[in-house]
Amino acid sequence: MKVLYQTAATATGGGRSGRTRSADGELDFQLVVPKELGGPGGPGANPEKLFAAGYSACFLGALQFVAGQQKVKLPAETTVSAKVGIGPRDDGTGFSLDVALDVSIPGVEQAVAEDLVARAHVVCPYSEATRANLDVRLAVLAG
């Protein structure tokens with residue numbers, strides 16, 4: 001693969017209760033462990049929030065890309081919401097993620113929207129990275 005863009009981020013402190021910062025300093029987050037995972041909760045980011053933000057933005061970009069290929073105009077109100085959960089794996093050896101993408105494409109026929117979302121799921125690098133590891137559920141609301 002020819003890398004077209006690369007960035008980096010570094011976590012410091014207590015991992016999930018530390019801090020993460022991008023190499024260019026544009027992103028800088030205090031990390032807080034959610035109460036559901038035994039932490040204090042409260043304001044701050046966590047890896048699941050960051051993954052959900054990245055996946056939703058990336059998938060929307062992939063959706064725009066495939067819509068352009070198919071000559072379908074997506075309305076400005078098109079949204080992608082990523083729901084990311086974490087829990088213990090059934091085999092008891094670690095943790096895994098649970099991911100669902102809710103895609104809303106108002107004003108586009110349901111069948112067309114579903115086709116675009118399926119194509120975007122092939123194009124999106126986050127979908128590609130998770131394909132063999134997670135069952136990413138897709139829900140499409142159109143019309």
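1. Which backbone oxygen lies 3.2 Å from a polar atom of the side chain of Thr130? The oxygen belongs to Ser127, and the pair can be read against the rule for a polar contact, namely N or O atoms within 3.5 Å, where within protein one must be able to donate a hydrogen and the other to accept it, and where residues adjacent in sequence count only if both atoms are side-chain atoms. Thr130 itself has its place in helix H3, and at 8% relative accessibility it counts as buried; buried means under 20% relative accessible area, exposed means over 50%, and partly exposed lies in between, with a 1.4 Å probe and protein chains only. Leaving aside neighbours within four places in sequence, Thr130 is in contact with Phe51, Tyr55 and Val136, contact being heavy atoms within 4.5 Å.

2. A word on the basis of this note. The model is predicted, with local features needing pLDDT of at least 70 and side-chain atom pairs counting only at pLDDT 80 or more, while totals for chains, interfaces and linings use all residues. Residues are numbered from 1 along each chain as its sequence is written, and side-chain values use heavy atoms, with hydrogens and water left out.

3. The strands E1, E2 and E3 form an open sheet in that order, with antiparallel pairing. E1 and E3 stand at the edges with a single partner strand each, so one side of each is left without a neighbour in the sheet. The twist averages 15° from one strand to the next, the axes being lines fitted to C-alpha atoms (for helices over the stretch in contact) and the angles running from 0 to 180 degrees between N-to-C directions. Strands (E, at least two residues) and helices (H or I, at least four) are DSSP runs numbered from the N terminus, and two strands pair if DSSP finds at least two bridges between them.

4. Within this sheet, strand E1 (residues 9–12) pairs with E2 over 4 bridges in the antiparallel sense, and E2 pairs with strand E3 (residues 28–30) over 3 bridges, again antiparallel. Arg21 of E2 stands opposite Thr10 and has Asp28 as its bridge partner in E3. The hairpin of E1 and E2 has 6 residues between the strands, with Gly13 in the turn at a positive phi of about 80°, whereas the hairpin of E2 and E3 has 5 residues between the strands, and there Gly25 takes a positive phi near 80°. Strand E2 (residues 19–22) shows a covered face, made of Thr20 and Ser22, and an uncovered one, made of Arg19 and Arg21.

5. Another open sheet holds 3 strands in the order E4-E5-E6, and its pairing is mixed. Strand E4 (79–88) and strand E6 (137–142) are at the edges, each with a single partner strand, so one side of each has no neighbour in the sheet. Strand E5 (residues 95–105) pairs with E6 in the parallel sense over 6 bridges, and Ser104 has Leu141 as its bridge partner in E6. Helix H1 (residues 47–69) lies across E4, E5 and E6 and runs at about 145° to E4, while helix H2 (residues 110–123) lies across E5 and E6 at about 145° to E6.

6. The largest nonpolar core has 24 residues, of which Tyr55, Phe59, Leu63, Leu101, Val103 and Ile105 touch the most other members; such a core is a set of buried Ala, Val, Leu, Ile, Met, Phe, Trp, Tyr and Cys residues joined through side-chain atoms within 4.5 Å. H1, E4, E5 and H2 each supply at least two of its residues, and the largest share, 8 residues, comes from H1. Beyond its neighbours within four places in sequence, Ile105 has contacts that include Leu63, Leu74, Ala113, Val117 and Leu141.

7. Phe51, Tyr55, Phe59 and Tyr126 form one aromatic cluster. Rings of Phe, Tyr and Trp (its six-membered ring) pair if their centres lie within 6.5 Å, with planes under 30 degrees apart counted as stacked, over 60 as edge-to-face and the rest as tilted, and by this rule the count comes to 4 aromatic pairs. The ring centres of Phe51 and Tyr126 are 5.6 Å apart and their planes stand at 50°, so this pair is tilted. The pair links distant parts of the chain, with Phe51 in helix H1 and Tyr126 in helix H3 (residues 125–130), 75 residues apart. Phe51 is partly exposed at 22% relative accessibility, and Tyr126 is partly exposed with a relative accessible area of 30%.
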